[in-house]
Amino acid sequence: MSEHTTQERAPASDYDRVGGAPAIRAVVNRFYELVLGDDRLAPFFAGIDMSRLKRHQAQLISQVMGGPVDYEGQELRAAHADLGIRPSDFAAVVEHLVKALEEAGAPPDVVSHVVDALAASQSDVVTAED
Ligand code: HEM
């Protein structure tokens with residue numbers, strides 16, 4: 001790779017750095033495996049269409065990572081409005097996503113960027129108290 005090319009190329013997005021669509025699909029699958037395996041969280045997902053949820057979650061994470069993908073789901077506030085999610089539920093979900101990203105070998109700065117983006121959505125998702 002010439003110096004010239006290096007200088008002109010835009011820095012790789014987080015999306016590209018983790019391996020793009022297939023890598024994010026794998027992370028999302030692992031994430032919901034961890035979530036559904038957690039007795040505190042599984043009841044929230046009873047009766048939910050998981051393939052639709054995974055598709056939307058993958059779109060959202062891809063978008064947050066600067067990928068060429070648009071989120072097509074509902075507003076997060078509307079999607080979670082009736083669920084009675086507490087701060088501790090939120091923290092547990094974030095923990096599982098961090099684990100799934102780390103297991104997939106996502107670089108630490110990518111993990112913290114995603115966590116920051118999720119933390120910013122807490123007031124849209126959490127509607128109950130511990
Ligand atoms: C950490 C931040 C979170 C983000 C970024 C997030 C993201 C999403 C997304 C993108 C959807 C899909 C919406 C759609 O299909 O239109 C969704 C739905 C859902 N989320 Fe979350 N979520 C978060 C936290 C949580 C937590 C903490 C819980 C429960 C403990 C939860 C439970 C659910 C459930 C049950 C649905 C399905 C709702 C339905 O289809 O009626 N989410 N979430």
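Trainee: What makes the space of about 790 Å³ the largest pocket?

Mentor: The model is predicted; local features need pLDDT of at least 70, side-chain atom pairs need 80 or more, and totals for chains, interfaces and linings use all residues. Residues are numbered from 1 along each chain, and side-chain values use heavy atoms, without hydrogens and water. On a 1 Å grid over the protein atoms alone, a pocket is an open set of points where a 1.4 Å probe fits, with protein on both sides within 12 Å along at least five of seven lines. Probe spheres set on the points fill the volume, and here that gives about 790 Å³.

Trainee: Which residues line the largest pocket?

Mentor: There are 31, and Y32, F45, L53, Q57 and H80 lie nearest the centre. Lining residues have an atom within 4 Å of a point. Helix α4 gives the largest share, seven residues.

Trainee: Why is H80 called a donor to the iron atom?

Mentor: Donors are N, O and S atoms within 2.8 Å of the metal (3.2 Å for Na, K and Ca). NE2 of H80 is 2.0 Å away, so it counts. H80 is the single donor from the protein. It lies in helix α5.

Trainee: How do you know which residues L97 touches?

Mentor: Contact means heavy atoms within 4.5 Å. Leaving out residues up to four places away in sequence, L97 touches V27, F31, I61, V114 and L118. L97 is also among the residues that touch the most other members of the largest nonpolar core, which has 30 residues.

Definitions and conventions: Core = buried A, V, L, I, M, F, W, Y, C linked by side-chain atoms within 4.5 Å. Buried < 20%, exposed > 50% of the residue type's maximum accessible area, 1.4 Å probe, protein only. Helix = DSSP H or I, 4+ residues; strand = E, 2+ residues; numbered from the N terminus.
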